[in-house]
Amino acid sequence: MRVNEWFFEVHNDLPREGPGDMRSTRRAYRMLTGLPEKPRFLDVGCGPGMQTIELAKISNAEITAFDVHQPFLDELAKRAKNEGVSERIRLVRGDMNCFDFEVKSFDVIWCEGAIFVVGFEKGLRGWSKFLVDRGYFAVSELCWIDPNPPREIKAYMMEVYSSAKTVKENLQIIKEAGYQVKDYFVLPESSWWENYYLPILSKLPALKKKHKDNSEALATIAEEEKKIEMFRRYSKHYGYVFYTLQKE
Ligand SMILES: C[S@@+](CC[C@H](N)C(=O)[O-])C[C@H]1O[C@@H](n2cnc3c(N)ncnc32)[C@H](O)[C@@H]1O
């Protein structure tokens, strides 16, 4: 996937930057029992913050919203202000490959659709030190639902996300990384379409027209279309799985 200026032209002003929905955020949140009065959350790869704002609304949390892309943080700031929750959200721009936080400084690490940047196993193991003892890690990750998917989608995934695992493999990785599973569920297909793919699709005709003589921009747009078409055809075989974990 090319991440260039045209990628961001497609991706700015979307409700969110990956599959997800508020219902699923709430479902994962409900598994976090015994939190302190004012829990400290780290939302890694927060994007424009749909889940950040929902978490601020349903909890007393002080949330550190962390992302590398300043325009997403700016958008999150605007939305949080409109929703009246900006006081409990601290925006931090940085690289999730090298956090600059104190050890044990969060009660919860939240990461919807972004841990792939460092890798599922590396993120689970490497970020654990920032959690208090018995802290929680709520994370969604693309997985194979079908361990024997059709050849076309298998080949495509080798190109775009070759490290995708089955749910069973990820459960083993979670265990070996020192977490207990409180809950896990597959995100509904609607959470790919409603807040992510349909808003992207609605932008593409105008962008194709605007860039009709720009082959690089058109190639970036074509990659987006292919990604969506693959999900349309093969959504039974892969999906996002939302895991709520507790540090052992
Ligand atoms: C697929 S999006 C998910 C965004 C959001 N959690 C959501 O579900 O809408 C991945 C996010 O990770 C951020 N990101 C990518 N690389 C990063 C890095 N090295 N450090 C911090 N954030 C990064 C992107 O800017 C983007 O907002």
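There are 17 salt bridges in the structure, each being a side-chain nitrogen of Lys or Arg within 4 Å of a carboxyl oxygen of Asp or Glu. Keep in mind that this is a predicted model, where local features need pLDDT of at least 70, side-chain atom pairs count only at pLDDT 80 or more, and totals for chains, interfaces and linings use all residues. Residues are numbered from 1 along each chain as its sequence is written, and side-chain values use heavy atoms, with hydrogens and water left out.

| Arg | Glu | N to O distance |
|---|---|---|
| R16 | E112 | 2.8 Å |
| R26 | E54 | 2.7 Å |
| R233 | E152 | 2.8 Å |

R16 sits in the loop between α1 (5–11) and α2 (22–30) while E112 is in strand β4 (residues 106–112), so their bridge ties together parts 96 residues apart in sequence. Helices (H or I, at least four residues) and strands (E, at least two) are DSSP runs, numbered from the N terminus. R16 is buried at 4% relative accessibility, and E112 is buried at 8%; buried means under 20% relative accessible area, exposed over 50%, partly exposed in between (1.4 Å probe, protein chains only).

R233, in helix α9 (residues 215–234), and E152, in helix α6 (residues 151–160), are 81 residues apart. R233 is partly exposed at 45%, as is E152 at 35%.
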